[in-house]
Amino acid sequence: VAGDLRLTDVEDGDVAEVQRHYALGLVQAGLGSFRPDDATGLYASYAKLSDEPGAGFASDEIALEAFYRAQLTAAAFLQPDLQWVLNPSGDSDTDDAVVLSVRFGVNF
């Protein structure tokens with residue numbers, strides 16, 4: 001299992017839309033002897049949006065993501081991905097977004 005924790009703090013909160021950003025990602029590479037080249041992962045992100053007057057943000061944004069990467073050949077992979085975004089663009093009146101995508105990639 002590999003993990004990554006990041007914190008971004010903006011110097012001038014008066015002009016930046018995102019004042020702070022926290023992110024945590026975890027990846028499990030290799031799923032046993034039956035799928036040693038596959039991977040699965042989770043990601044969470046929290047964006048502290050500006051509270052400055054006129055910025056227009058009613059809330060902060062949270063994003064959660066899960067993926068599975070199936071290695072098809074030595075070079076090609078297929079990766080379904082599910083994302084859930086709470087308060088998209090910091091708008092608490094907008095419905096949460098659920099995004100399902102599938103990526104196909106070739107490494108060369």
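Trainee: How many helices and how many strands does the chain have?

Mentor: From the N terminus on, the elements run β-β-β-β-β-β. The count for the chain is therefore 0 helices and 6 strands.

Trainee: Which strand has the lowest mean pLDDT, and which the highest?

Mentor: For the chain, the mean pLDDT is 88, and 87% of the residues reach 70 or more. Where pLDDT is low, the predicted coordinates should not be read in detail. Among the elements, the lowest mean, 67, belongs to strand β1 (residues 2–9), and the highest, 97, to strand β5 (residues 76–86).

Trainee: Which elements give two or more residues to the nonpolar patch?

Mentor: The nonpolar surface patch covers about 570 Å² and is made by Ile 62, Leu 64, Leu 82, Trp 84, Val 98 and Leu 100. The elements that give two or more of these residues are β4 (61–71), β5 and β6 (97–106).

Trainee: Is Leu 100 buried or exposed?

Mentor: Leu 100 lies in strand β6. A residue counts as exposed when its relative accessible area is over 50%. Because the relative accessibility of Leu 100 is 66%, this residue is exposed.

Trainee: Is Asn 87 buried or exposed?

Mentor: Asn 87 is found in the loop between β5 and β6. Leaving aside neighbours within four places in sequence, Asn 87 is in contact with Ser 59, Asp 60, Glu 61, Ser 92 and Asp 96. The cut-off for a buried residue is under 20% relative accessible area. Since Asn 87 has 19% relative accessibility, this residue is buried.

Notes:
Residues numbered from 1 in each chain as written. Predicted model: local features only at pLDDT ≥ 70, side-chain atom pairs only at ≥ 80, totals over all residues. Heavy atoms only, no water. pLDDT = per-residue confidence, 0-100. Helix = DSSP H or I, 4+ residues; strand = E, 2+ residues; numbered from the N terminus. Patch = residues over 30% accessible without salt bridge, like charges linked within 9 Å, V, L, I, M, F, W, Y side chains within 5 Å. Areas by Shrake-Rupley, 256 points an atom, 1.4 Å probe, with all protein chains shown as cover. Salt bridge = Lys/Arg side-chain N within 4 Å of Asp/Glu carboxyl O. Buried < 20%, exposed > 50% of the residue type's maximum accessible area, 1.4 Å probe, protein only. Contact = heavy atoms within 4.5 Å.
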